[in-house]
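Subject: Structure handover

Hello,

Please find the structure below. My notes on what was found in it follow.

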Amino acid sequence: MAALASLPPLPAQFKSIQHHLRTAQEHDKRDPVVAYYCRLYAMQTGMKIDSKTPECRKFLSKLMDQLEALKKQLGDNEAITQEIVGCAHLENYALKMFLYADNEDRAGRFHKNMIKSFYTASLLIDVITVFGELTDENVKHRKYARWKATYIHNCLKNGETPQAGPVGIEEDNDVEENEDAGAASLPTQPTQPSSSSTYDPSNMPSGNYTGIQIPPGAHAPANTPAEVPHSTGVASNTIQPTPQTIPAIDPALFNTISQGDIRLTPEDFARAQKYCKYAGSALQYEDVSTAVQNLQKALKLLTTGRE
């Protein structure tokens, strides 16, 4: 993919979108679709913040140029031309990144790469809002991922051992409220602890990573590093693949015939199509469980008119 023109310095008003733009840059080669929607989110958010002052207008104009160049390069990619496909692609990518970090957390493997995965997953869930309101599940995932990134980062910084799993989030009610404020006081060097409680993904070391096998259904998106960095002092161990848990299939679905009096609305067809797109996107990551669940939802909707 051709290199994009560089952006002017980020205006102070746009500090709240700096990490989304950094995530876009990190995905320009890894996943251009993710990079495109990160920039689109930054563009839409920036317009709401300030589209009148000269420096902001200049920045947004250059960002718009990047978006147009990306859209041209991606051509007829369905994830760009069809919102349903784009939303499914982004949701599945964010979920895989979240599941990878959550899998490491629950196994007690705490390291900077999993912190970054938690934080990036929360940013990508922000980006999903370009398609509309978030589901309650996505809202919970975003808050939990952001809280976990902050909590584990602070523990490692202070030489403490984090507690694995979902504990303590009820006590931290300021995670979302402090996001913008924290962005202005992030640490500049990984080895120089800061008083900020917000994790900075830019501080991730670029150390060597060796390939390891990730259990099917709980692995990170393509090209996401999945090993403890050597700088953490934790020895890396290959994770042995584990069988996927396939959801039970309702036997009634094998003999379903659409009833004559069932009338599907355009919204029903759109939802069924969305479930099928979700299933296709899940299969790109070999996530059979998610694919089966979405296909069952589509089939039930089309044959009964209900979800």
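A pocket, as the word is used here, is an open set of grid points with protein on both sides within 12 Å along at least five of seven lines, and its lining residues are those with an atom within 4 Å of a point. Please note that the model is predicted.

The largest pocket

The largest pocket holds about 860 Å³ of space. Its lining is made up of 31 residues. Nearest the centre of the pocket are Glu-91, Thr-135, Glu-137, Asn-138 and Tyr-278. By type, the lining residues split into 13 nonpolar, nine polar and nine charged.

Which helix gives the largest share of this lining? That is α5, with 11 residues. At least two lining residues come from each of α5 (83–106), α7 (136–157), α9 (266–284) and α10 (288–304). In terms of domains, domain 2 (83–158) and domain 3 (266–304) each supply at least three residues of the lining.

The largest nonpolar core

There are 50 residues in the largest nonpolar core, and Tyr-36, Tyr-37, Phe-118 and Leu-124 have the most contacts inside it. Two or more residues of this core come from each of α1 (18–26), α2 (32–49), α3 (54–74), α4 (78–81), α5, α6 (112–127) and α7. Domain 1 (12–81) and domain 2 (83–158) each give this core at least three residues.

Leaving out residues up to four places away in sequence, Tyr-37 touches Ala-79, Ile-80, Gly-86, Leu-90, Val-127, Val-130 and Phe-131.

Regards

Note on methods. Residues are numbered from 1 along each chain as its sequence is written. This is a predicted model: local features need pLDDT of at least 70, side-chain atom pairs count only at pLDDT 80 or more; totals for chains, interfaces and linings use all residues. Side-chain values use heavy atoms; hydrogens and water are left out. On a 1 Å grid over the protein atoms alone, a cavity is a set of points where a 1.4 Å probe fits but cannot get out, and a pocket is an open set with protein on both sides within 12 Å along at least five of seven lines; lining residues have an atom within 4 Å of a point. Grid points are joined across faces, edges and corners, and a volume is the space filled by probe spheres set on the points. Helices (H or I, at least four residues) and strands (E, at least two) are DSSP runs, numbered from the N terminus. Ala, Val, Leu, Ile, Met, Phe, Trp, Tyr, Cys and Pro count as nonpolar, Asp, Glu, Lys and Arg as charged, and the others, Gly among them, as polar. Domain bounds come from an automatic or database domain assignment. A nonpolar core is a set of buried Ala, Val, Leu, Ile, Met, Phe, Trp, Tyr and Cys residues joined through side-chain atoms within 4.5 Å. Buried means under 20% relative accessible area, exposed over 50%, partly exposed in between (1.4 Å probe, protein chains only). Contact means heavy atoms within 4.5 Å.
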